[in-house]
Amino acid sequence: MANIVRKPEMPTAPTRSEWDPFRMMREMMRWEPFAEMAPLFGHERGMFQPSFEVKETPSEYLFKADLPGVKEEDLDVAVTGNRLTVSGKREAEEKQEGETYYAYERSYGSFTRSFTMPEGVDADHVQAELKSGVLTLVLPKRPEMQPKKINLKGLSPKGQGKA
């Protein structure tokens, strides 16, 4: 079994002689107030949860997620009704006998993210690509939902109105 050396997350309260306000501030800035409650909601500490970026262009919605170490066969993208669901897993690397870890901060495990798609998405033409650890999803808008340019009538070529 591999040895894992961990530094305590919250050291004991300092005595008056070793009180350092800057150290206390650094520790408070790293404090996660809801981390203790995570097991109550079914979340494990260190669980892999990818971050997503979602943007809208005139013709589509673009979703991007950083999924380093996730294999294509361990990833599932599904559209059900107006819900887009991305799920998958990132496997932990095997620990070898006799190895000593001085830090073990990477997270592993299964994840699921669901998004409610906006009205007007063409769900039949959603495209997904996993390249260099980045998942890109393109959700095109139906043609009738895309902006159309309306030309104004009644203007002369020089931009003057009729008198």
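**Labels and their criteria**

Analyst: Arg90 lies over the face of Phe48, at 4.1 Å from the ring centre. This is a predicted model, in which local features need pLDDT of at least 70 and side-chain atom pairs count only at pLDDT 80 or more, while totals for chains, interfaces and linings use all residues. Residues are numbered from 1 along each chain as its sequence is written, and side-chain values use heavy atoms, with hydrogens and water left out.

User: What makes Arg90 a residue that lies over the face of Phe48?

Analyst: A charge sits over a ring if NZ of Lys or CZ of Arg is within 6 Å of the ring centre and within 35 degrees of the ring normal. Arg90 is placed at 4.1 Å from the ring centre of Phe48. Lys141 likewise lies over the face of Tyr61, at 5.1 Å from the ring centre.

User: Why is the pair of Phe48 and Phe111 called edge-to-face?

Analyst: Rings of Phe, Tyr and Trp (its six-membered ring) pair if their centres lie within 6.5 Å; planes under 30 degrees apart count as stacked, over 60 as edge-to-face and the rest as tilted. A search of the whole structure finds 3 aromatic pairs. For Phe48 and Phe111 the centres are 5.5 Å apart and the planes stand at 85 degrees, so the pair is edge-to-face. Phe48 lies in the loop between α1 (21-30) and β2, and Phe111 in strand β7, so the pair ties together parts that are 63 residues apart in sequence.

User: Why is the pair of Phe63 and Phe115 given a label of this kind, and which parts does the pair tie together?

Analyst: The ring centres of Phe63 and Phe115 are 5.2 Å apart with planes at 70 degrees, so this pair is edge-to-face. Phe63 belongs to strand β3 and Phe115 to strand β7, so parts that are 52 residues apart in sequence are tied together. Phe52, Phe63 and Phe115 form one aromatic cluster.

User: How do you know whether Phe63, Phe115 and Ser132 are buried or exposed?

Analyst: Buried means under 20% relative accessible area, exposed over 50%, and partly exposed in between (1.4 Å probe, protein chains only). Phe63 has a relative accessible area of 4% and is therefore buried. Phe115 is at 14%, so Phe115 also counts as buried. Ser132 reaches 74% and therefore counts as exposed.

Note on methods: Helix = DSSP H or I, 4+ residues; strand = E, 2+ residues; numbered from the N terminus.
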